[in-house]
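Subject: Structure handover

Hello,

Please find the structure below.

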Amino acid sequence: MGLVLRVKTFINDFRSLASFSDVRAIARRMFVTNSFDTLLTVIGVDVGGFSPNADPRIMAMSIIGGGVAMGVFSGFIGIYLSERAERLKEVRELEKKLARSLRNSVYWRLALVAPLYVAAWSSFGVLMVTCLVASPYILAGLGLIGVKTAFLSSVTLALALTALLGLYLGRISGEGLAKSAFRALSLGVGGVLLVLFLKKIAGIPVA
């Protein structure tokens with residue numbers, strides 16, 4: 001019975017985080033930051049690993065493997081541990097000022113639950129963009145499209161997602177949506193061109 005009550009309390013605390021603007025802001029920041037990092041990473045894997053004779057299953061697994069590793073270890077565990085450390089530090093500093101323990105208080109529960117909330121949004125962004133960018137290669141592996149079509153579709157999807165993230169940032173910041181989307185898209189295009197340039201120098205076929 002005690003365990004059930006703890007689980008219910010944890011779920012209620014988790015849901016109530018929507019009322020804490022700083023937690024929402026951090027979650028948004030981690031979602032966008034790690035989504036951007038993942039997109040630039042999978043663009044490098046996608047463009048760098050592709051060849052006319054590429055196996056779409058290997059391409060899909062390379063993208064998914066990198067994204068899952070980043071989503072689980074960096075996107076979730078890394079963010080959770082760092083955010084938890086910061087929250088507990090704040091609680092302990094507040095305890096010193098108040099000269100009393102805050103264990104089981106709303107501040108203590110927030111310090112335990114908020115890192116999970118932030119980490120969940122962070123890893124969600126990573127895994128979402130990874131699956132979307134890898135999806136054309138999955139279709140190619142099933143024989144529904146050609147591998148070159150899968151490559152072009154995958155890169156296009158990755159660039160479109162960078163532009164969407166830019167739009168989202170523009171909406172949050174109040175800056176011009178088109179300007180923000182173009183700025184984000186430029187990062188993705190720059191990544192593609194850089195990898196193509198490196199392949200050209202190395203004498204590796206581009207497509």
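Arg-87 and Glu-83 join their side chains in a salt bridge, at 3.0 Å from N to O. Keep in mind that this is a predicted model. The two residues sit four apart in helix H3, so about one helical turn separates them. Arg-87 is buried, because its relative accessible area is 7% and the cut-off is 20%. Glu-83 also counts as buried, at 12% relative accessibility.

The whole structure has three salt bridges. Another one pairs Lys-89 with Glu-93, whose closest N and O atoms are 2.8 Å apart. These residues are four apart in helix H3, so about one helical turn lies between them. Lys-89 is partly exposed at 44% relative accessibility. Glu-93 is partly exposed too, with a relative accessible area of 39%.

Asp-55 and Arg-57 also meet through their side chains in a salt bridge, 3.0 Å from N to O. Arg-57 is exposed, with a relative accessible area of 57%. Asp-55 counts as partly exposed, at 25%.

Now the overall fold. The chain has six helices and zero strands. Along the sequence, the pattern reads α-α-α-α-α-α. Of the 207 residues, 37% are buried. Take the contacts between residues at least 6 apart in sequence: 73% of them join residues at least 24 apart. The accessible surface of the chain is about 11,800 Å², and carbon and sulfur atoms account for 68% of that.

Next, the aromatic rings. The structure holds five aromatic pairs. One is Phe-50 with Phe-151: the ring centres are 4.2 Å apart and the planes lie at 10°, so this pair is stacked. Phe-50 lies in the loop between helix H2 (21-49) and helix H3 (56-98), while Phe-151 lies in helix H5 (residues 147-173), so the pair ties together parts that are 101 residues apart in sequence. Phe-50 is buried at 2% relative accessibility. Phe-151 is buried at 7%.

Trp-121 and Phe-124 make another pair. Their ring centres are 5.8 Å apart and their planes stand at 90°, so the pair is edge-to-face. Both residues lie in helix H4 (residues 106-141), three residues apart, which is about one turn of the helix. Trp-121 is partly exposed at 38% relative accessibility, and Phe-124 is partly exposed at 43%. Ring pairs also link Phe-31, Trp-121 and Phe-124 into a cluster.

What forms the nonpolar patch on the surface? The members are Val-68, Val-72, Phe-73, Ile-77, Leu-81 and Leu-127, with about 500 Å² of accessible area together. H3 gives the largest share of the patch, five residues. Ile-77 is found in helix H3. At 35% relative accessibility, Ile-77 counts as partly exposed.

Is Val-129 buried or exposed? Val-129 is buried, with a relative accessible area of 1%. Leaving aside residues up to four places away in sequence, Val-129 touches Ser-35, Thr-38, Leu-39 and Leu-161. Val-129 and Gly-67 are 62 residues apart in sequence, yet 8.3 Å apart in space, C-alpha to C-alpha.

Best wishes

Key:
Residues are numbered from 1 along each chain as its sequence is written. This is a predicted model: local features need pLDDT of at least 70, side-chain atom pairs count only at pLDDT 80 or more; totals for chains, interfaces and linings use all residues. Side-chain values use heavy atoms; hydrogens and water are left out. Rings of Phe, Tyr and Trp (its six-membered ring) pair if their centres lie within 6.5 Å; planes under 30 degrees apart count as stacked, over 60 as edge-to-face and the rest as tilted. Buried means under 20% relative accessible area, exposed over 50%, partly exposed in between (1.4 Å probe, protein chains only). Contact means heavy atoms within 4.5 Å. Accessible areas come from the Shrake-Rupley method with a 1.4 Å probe; for residues, only the protein chains shown count as cover. Patches are made of residues with over 30% relative accessible area and no salt bridge: like charges are joined within 9 Å, nonpolar side chains (Val, Leu, Ile, Met, Phe, Trp, Tyr) within 5 Å. A salt bridge is a side-chain nitrogen of Lys or Arg within 4 Å of a carboxyl oxygen of Asp or Glu.
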